[in-house]
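This briefing covers the pockets of one protein model and the surroundings of one of its residues.

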Amino acid sequence: MKDRVTKQTILENKNISEDIVELIKQQIVDGELNPGERIVETKMAKELGISQTPVREAIRQLSGEGIIKIVTNKGPIVREFHMRDVFEIYSLRAVLEGLSIRLATYNATEKDIRHLQEFYEAMKAKLHDDTVASLLTESLYIHQSIIRLSNHERLASMYKSIAFQITLVNRILGKKSTKAKEVEQHWELIEALIGRDPDEAEKVMRRHIHRSYREFAELNAVDSSEFQDGVWF
């Protein structure tokens, strides 16, 4: 996500609807807007001191991203994610990120891999730093770096289209995630890059994402047996 959006930045920016998109995303992540909650366009426009048009444009974009759902006789509401949604998000991640790390084993330079190793060491150093509450941002950086190292523009574009949905699901999972788990589980991705074996790297990434999916199901006491391992691998 971009830097935090405020009323002042919205009023100063020429592309108001883009800023409203980011504002609504911020409010969802911060818990100011919750799943199932209605967004009242007139109220938001009045609070921001703008017309309804850019608010409506922002709602339309968020609807296209699958974040807002337009409900008849209710209007736009923040989408609620059910287990089918989580399966679709994570299984799509497994395909996209599996391909991205496969390509990265070919494309990443020694300098690229060294950078990720150094980043990981800095991440690990925060493990016993009580001022650092979570390492989810660091984990996300590793995943985004692998997407970038794929050098595949369309893949990166497809990933970006579901990136915020991933953020929302990860926010739920992250409430139970520990720093130790983030450190332990993300070395395998860097190690796969070091190994330069595309087949093994893809398997590692798919297992990595499948594990998160299963943890989400267990955390929410949901039966995930509908989606057996054969669907994933």
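Is proline 76 buried or exposed? The model is predicted, and in it proline 76 is buried because its relative accessible area is 8%, below the 20% cut-off.

**Proline 76**
- Strand β2, which spans residues 75–78, contains proline 76.
- Beyond its neighbours within four places in sequence, proline 76 contacts Glu37, Arg38, Ile39, Glu41, Ile59, Ile68, Lys69 and Ile70.
- Between proline 76 and leucine 135 the C-alpha to C-alpha distance is 33 Å, and the two are 59 residues apart in sequence.

**Largest pocket**
- The volume of the largest pocket is about 1,300 Å³.
- Its lining comprises 45 residues, of which Leu140, Gln144, Ala163, Ile166 and Thr167 are the closest to the centre.
- At least two lining residues come from each of α2 (16–29), α7 (136–149), α8 (153–174), α9 (179–195) and α10 (198–219).
- Helix α8 gives the largest share of this lining, with twelve residues.
- By class, the lining has 15 nonpolar, 16 polar and 14 charged residues.

**Second largest pocket**
- The second largest pocket has a volume of about 220 Å³.
- Its lining consists of Leu23, Gln27, Glu32, Leu33, Glu37, Arg38, Ile39, Val40, Lys43, Met44, Glu47 and Leu48.
- Two or more of these lining residues come from each of α2 and α3 (41–48).
- Helix α3 provides the largest share, four residues.
- The lining of this pocket divides into six nonpolar, one polar and five charged residues.

Conventions. Residues are numbered from 1 along each chain as its sequence is written. This is a predicted model: local features need pLDDT of at least 70, side-chain atom pairs count only at pLDDT 80 or more; totals for chains, interfaces and linings use all residues. Side-chain values use heavy atoms; hydrogens and water are left out. Buried means under 20% relative accessible area, exposed over 50%, partly exposed in between (1.4 Å probe, protein chains only). Contact means heavy atoms within 4.5 Å. On a 1 Å grid over the protein atoms alone, a cavity is a set of points where a 1.4 Å probe fits but cannot get out, and a pocket is an open set with protein on both sides within 12 Å along at least five of seven lines; lining residues have an atom within 4 Å of a point. Grid points are joined across faces, edges and corners, and a volume is the space filled by probe spheres set on the points. Ala, Val, Leu, Ile, Met, Phe, Trp, Tyr, Cys and Pro count as nonpolar, Asp, Glu, Lys and Arg as charged, and the others, Gly among them, as polar.
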